[in-house]
Amino acid sequence: MTPELMEQNARHAEAYRAAHPSISGNTESGGREAGFSRLAVPGEVDVTHGRILYLEDVSVSFDGFKAINKLSLDIAPGELRCIIGPNGAGKTTMMDIITGKTRPDEGRVFFGSTIDLLRYKESEIAQMGIGRKFQKPTVFEQLSVFENLELALKTNKAVGASMVFKLDSAQSDRLAEVLHTIHLSECVSRQAGFLSHGQKQWLEIGMLLMQDPKLLLLDEPVAGMTDEETERTAELFLSLKGKHSLMVVEHDMSFINTISDIVTVLCDGSVLAQGTLAQVQSDERVIEVYLGR
Ligand SMILES: Nc1ncnc2c1ncn2[C@@H]1O[C@H](COP(=O)(O)OP(=O)(O)OP(=O)(O)O)[C@@H](O)[C@H]1O
């Protein structure tokens with residue numbers, strides 16, 4: 001992480017806090033005011049109440065063990081929310097619930113103000129515009145960067161199951177834009193199997209971006225990356241926020257420091273603390289369970 005990049009985001013966070021004085025370490029709503037607010041349009045996610053994602057009193061147990069325990073959390077449109085917490089805190093399970101992989105025993109999970117995610121299947125939730133990136137990159141190693149991105153469009157229902165697939169000009173433009181965003185314009189013909197670990201992660205993020213997701217859930221995106229790749233990933237995420245909403249689970253505090261506005265600390269399946277990184281880092285409870293003394 002260069003000092004310039006950290007400084008740049010520190011300035012950004014400062015400006016953000018100045019513009020949103022209601023954000024404090026203890027707000028349940030976190031960065032609710034952080035993003036843009038749009039009028040409700042039929043077929044679009046209704047974010048007129050300033051929330052793209054809303055979880056209320058969500059619980060799930062596995063064999064009697066409460067992995068998620070009355071978890072309440074919300075995210076503003078365009079926000080980049082960082083989630084930290086000790087191993088077993090429930091971070092992955094929370095993402096499983098949002099994406100429909102795991103059904104909670106109780107609670108409410110809404111996408112915007114009107115879409116009750118608990119009524120939909122995992123595939124339907126993905127189609128709605130919630131993209132998920134798991135820790136390990138899962139690109140098609142035999143295919144080129146271009147073909148991987150093209151394939152991401154083919155999986156979009158709107159394209160249909162046509163055997164002969166040709167990009168229209170809008171799709172070509174989108175692909176070029178995504179290539180640029182993920183810093184892979186120069187590797188467009190390279191076979192994905194020959195990319196570095198970081199480049200594979202960016203390619204997979206690019207595949208999600210091809211479908212223009214409204215919300216991106218990213219699980220430990222910089223694990224295994226070099227310092228330079230981590231830095232470029234920070235730049236990438238900062239460039240995505242505002243256009244997309246992002247939820248990033250990470251353990252790398254330097255990375256979190258560079259990208260975060262609001263950090264939510266999960267512990268024992270619920271929110272232990274929330275605020276700027278500096279606020280949660282000085283919270284005795286967080287130091288006790290996660291950051292160490
Ligand atoms: N399908 C399952 N069956 C049984 N227990 C589970 C299941 N999924 C998760 N758990 C348990 O729930 C708790 C929360 O797990 P989860 O993977 O969500 O934590 P996490 O915060 O993502 O941890 P890490 O940082 O290690 O990835 C853990 O104790 C885990 O063992």
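Predicted model: local features only at pLDDT ≥ 70, side-chain atom pairs only at ≥ 80, totals over all residues.
Reader: How many helices and strands does the chain have?

Author: The chain has 10 helices and 10 strands. Helices (H or I, at least four residues) and strands (E, at least two) are DSSP runs, numbered from the N terminus.

Reader: Why is methionine 95 called buried?

Author: A residue is buried if 20 or more other C-beta atoms lie within 10 Å of its own, exposed if 12 or fewer, and partly exposed in between, with C-beta atoms placed from the backbone. Methionine 95 has 21 other C-beta atoms within 10 Å and is therefore buried. Methionine 95 belongs to helix α2. Of the 293 residues of the chain, 43% count as buried.

Reader: Which residues does methionine 95 touch, not counting residues up to four places away in sequence?

Author: Methionine 95 touches Arg132, Leu217 and Asp219 on that count. Two residues are in contact if their C-beta atoms, placed from the backbone, lie within 7 Å. By contrast, the C-alpha atoms of methionine 95 and threonine 226 are 26 Å apart in space, and these residues are 131 apart in sequence.

Reader: How do you know whether arginine 51 and threonine 258 are buried or exposed?

Author: Arginine 51 has 24 C-beta neighbours inside 10 Å, so it counts as buried. This arginine 51 is found in the loop between α1 (3–19) and β1 (53–62). Threonine 258 is buried because 25 other C-beta atoms lie within 10 Å; threonine 258 lies in helix α8 (residues 253–259).

Reader: Why does glutamate 229 count as partly exposed?

Author: Glutamate 229 has 18 C-beta neighbours inside 10 Å, so it counts as partly exposed. Its place is in helix α7 (residues 227–240).

Reader: Why are α4 and α6 called roughly parallel?

Author: Axes are lines fitted to C-alpha atoms, for helices over the stretch in contact, and angles run from 0 to 180 degrees between N-to-C directions. Angles under 35 degrees count as roughly parallel, over 145 as roughly antiparallel, 65 to 115 as roughly perpendicular and the rest as oblique. The axes of α4 (residues 145–154) and α6 come within 8 Å and cross at roughly 30 degrees; α4 and α6 are therefore roughly parallel to each other.

Reader: Which residues of α4 and α6 meet?

Author: Val145, Asn148, Leu149 and Ala152 in α4 meet Leu203, Gly206 and Met207 in α6. The residues of this contact divide into 5 nonpolar, 2 polar and no charged. Here Ala, Val, Leu, Ile, Met, Phe, Trp, Tyr, Cys and Pro count as nonpolar, Asp, Glu, Lys and Arg as charged, and the others, Gly among them, as polar.

Reader: What makes a residue part of the shell around the ligand, and which residues surround the ligand?

Author: A residue is near a molecule if its C-beta atom, placed from the backbone, lies within 6 Å of it. The ligand is surrounded by Phe62, Ala67, Gly85, Asn87, Gly88, Ala89, Gly90, Lys91, Thr92 and Thr93. By class, this shell has 3 nonpolar, 6 polar and 1 charged residues. Helix α2 (residues 91–98) contributes the largest share of the shell, 3 residues.

Key
Residues numbered from 1 in each chain as written.
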